[in-house]
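This briefing goes through one protein chain, from overall make-up to single residues. Please keep the sequence and the structure open while reading.

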Amino acid sequence: MLSDSSSISSQSTVYSDVEDVTPDQFGGPPEAPLIRERFPYNAAHQQSHFGSKTAGPIPPAPQGYSTSAPVNTYQRYTFILVCCLAITSFVQIISGGYSGGQRNALNRNDSFKNKSIQGNNNGVNSPYYYNNGNGMEGRSTINMNRLGDMQQNSAMLNNDNNNNMMQVNGNGNDGEENIQNQQDGGGDVNFLGSGTEVVEMLPVEAVVSDPGMERYPLTELSHFKDNWDEWEETDVPMFLNIPKPGGSTVLDIMVMCHRVVAANEIGIQNGHADDQEIAVVSITDGYPVVNVDTTTVEGISRAQQMGFADSGLAGAVVTHLLYEANELFTTTAKGRIFTVFRHPIERAISMYSYMQVADWEPNYNPSFKEMTIEEYAESPFVENNWLTRQLSNTPEGDLTDVHLNLAMEVVRRKVIVGLMSEIEATMERFERFFRWTYHVNPPNQENCRESLLGGGSNSNSKNKKEKPVPGSEAWELLSWQNNYDLQLYEYVESLFVEQEAFVADIEVGYRNKDATCCKCDPATFPPEGFTCPLAILF
């Protein structure tokens, strides 16, 4: 969108330097003004496109020149030229524009990254930079796809005088006239001779700015690609592990079914914490992992020193340390963040229920068994806006709207989002986006996938206590502890719908595309090669 009107108004200065035309000092008739002086920058028309007046009022006719004067030869030529130009512009528009007969279309991803989301009256569903309820100044909620089209049309296809400025060189006696054609991309159309000087228009990208990028450069996450960047084989998927959102199901499908080589905390087991060289090892049931630990600051530092990113060994990284994990990657091997989100109150309830029985967890507290959920919500053990804190890198202290806005920007730019409430569609999207396909035993791998999607993993199916409902005391107490996460989650839900555009060109069921079977007889392998696992236990 337009960051301000300067990018447009700066162009109008080319046409606003009209000097007064004075009568000839010897008493002759005044010299005819340049045609561009009689077709000034049309501020009123520009206002209809961009919502604000970017140029001053139309100046009066130059001194000494009257539009009601008798028609002379020069004016007849002018009238003919204007008619020719109008006809030519009309023909060009019908044939597809000025650039090789085709319109220049905005890149689909560029359009998407600038797209706004229409929200409700309190702005919760809007992107943070349109969220009047978050302490940010209000901005227009004009859809950026439409704005991009309007800017492009204004720059290329508008046949008003605004886009076709004619200039006459000389004193009007020699008949030498040049026509300047203003168009996007700088191409020129010279109807009446050479020597045409082209007035260049700013490209669409120059006038469509991104307020999120301007306000939050996200330099601490510079080794992660933006969501709309093209996928490359050197990209490394990184799963941001959020507690109790349904992420374990995605992880198990990724590792157990797709047999993706993972980098998590398992890789340092069985003495591999002392390995000096980066390698793929088998720890449990033949599942391949990289011999690093990506879930601790020390482990990330060790992996970095071992050249983890450029080794290309990991098919995916798993960690809950977002900002620290930036150091795992490099400018030549960048990370791509993906994760699964869950409604914050439902996640908090699930966490409470899980911690009551999860005596295998390191932070298990026996007092949880006798604690009511209302007591838990008011205890020091309850999480406070965990997601907003994690995404804004603010583990302690008070939160403000600034932290919420930063968290929203991180998700918008850096995270491929999934929803627990849409877990099957989420898994399908991840498989398509990261191009995961079957290479071990496709029928068995598909059965593995269906089984995990049906039952999930790390679930708390035995703890079937009655859950709080909206409006109850427990629900309200937990809402108070997650006031920012609730707003963030609504924004995530809208992004989930929009991000379908990222896989629109990738077929559904991509996991079976060009599938191979290294466990079959005879075995088949993909052209790029594949190391068949030693064991396969579904």
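A residue is called buried when its relative accessible area is under 20%, and exposed when that area is over 50%. By this cut-off, Y352 and Y376 are both buried. The model is a predicted one.

**Overall make-up**

- The protein chain contains 20 helices and 11 strands.
- Of its 538 residues, 49% are buried.
- When contacts between residues at least 6 apart in sequence are taken, 72% of them join residues at least 24 apart.

**Helix 16**

- Helix 16 covers residues 401–414, which is 14 residues.
- From its first C-alpha to its last, helix 16 reaches 20 Å, close to the 20 Å expected at 1.5 Å a residue.
- Because 12 of its 14 residues are buried, helix 16 is largely enclosed by the rest of the structure.

**Aromatic rings**

- The whole structure holds 13 aromatic pairs.
- In the pair formed by Y352 and Y376, the ring centres are 5.3 Å apart and the planes meet at 40 degrees, so the pair is tilted.
- Y352 belongs to helix 13 (residues 344–357) and Y376 to helix 14 (residues 373–377), so this pair ties together parts that are 24 residues apart in sequence.
- A cluster linked by ring pairs is made up of W231, F239, F338, F430, F433, F434 and W436.

**Charges over rings**

- K244 places its charged end over the ring of Y354, at 4.4 Å from the ring centre.
- R429 does likewise with F496, where the charged end sits over the ring at 4.2 Å from its centre.

**E446**

- E446 is part of helix 18 (residues 442–455).
- With a relative accessible area of 16%, E446 is under the 20% cut-off and therefore counts as buried.
- The side chains of E446 and R511 are joined by a polar contact of 2.9 Å.
- Leaving out residues up to four places away in sequence, E446 touches Y438, R511 and N512.

**D293**

- D293 sits in the loop between strand 8 (288–290) and helix 10 (297–305).
- Its relative accessibility is 9%, so D293 counts as buried.
- A polar contact of 2.6 Å links the side chain of D293 to that of T295.
- Leaving out residues up to four places away in sequence, D293 touches N264, E265, I268, G299 and I300.
- D293 and A263 are 30 residues apart in sequence, while their C-alpha atoms are 6.8 Å apart in space.

**Backbone points to check**

- R259 is not a glycine, yet it has a positive phi of about 60 degrees.
- R259 lies in the loop between helix 9 (247–257) and strand 6 (262–263), and at 4% relative accessibility it counts as buried.
- N270, also a residue other than glycine, has a positive phi near 60 degrees.
- N270 lies in the loop between strand 6 and strand 7 (280–282), and its relative accessible area of 60% makes N270 exposed.
- The peptide bond between D521 and P522 is cis, with omega at about 5 degrees.
- P522 is in the segment after helix 20 (483–498).

How values were computed:
Residues are numbered from 1 along each chain as its sequence is written. This is a predicted model: local features need pLDDT of at least 70, side-chain atom pairs count only at pLDDT 80 or more; totals for chains, interfaces and linings use all residues. Side-chain values use heavy atoms; hydrogens and water are left out. Helices (H or I, at least four residues) and strands (E, at least two) are DSSP runs, numbered from the N terminus. Buried means under 20% relative accessible area, exposed over 50%, partly exposed in between (1.4 Å probe, protein chains only). A polar contact is a pair of N or O atoms within 3.5 Å; within protein, one must be able to donate a hydrogen and the other to accept it, and residues adjacent in sequence count only if both atoms are side-chain atoms. Contact means heavy atoms within 4.5 Å. Rings of Phe, Tyr and Trp (its six-membered ring) pair if their centres lie within 6.5 Å; planes under 30 degrees apart count as stacked, over 60 as edge-to-face and the rest as tilted. A charge sits over a ring if NZ of Lys or CZ of Arg is within 6 Å of the ring centre and within 35 degrees of the ring normal. The expected span of a helix is 1.5 Å times one less than its number of residues.
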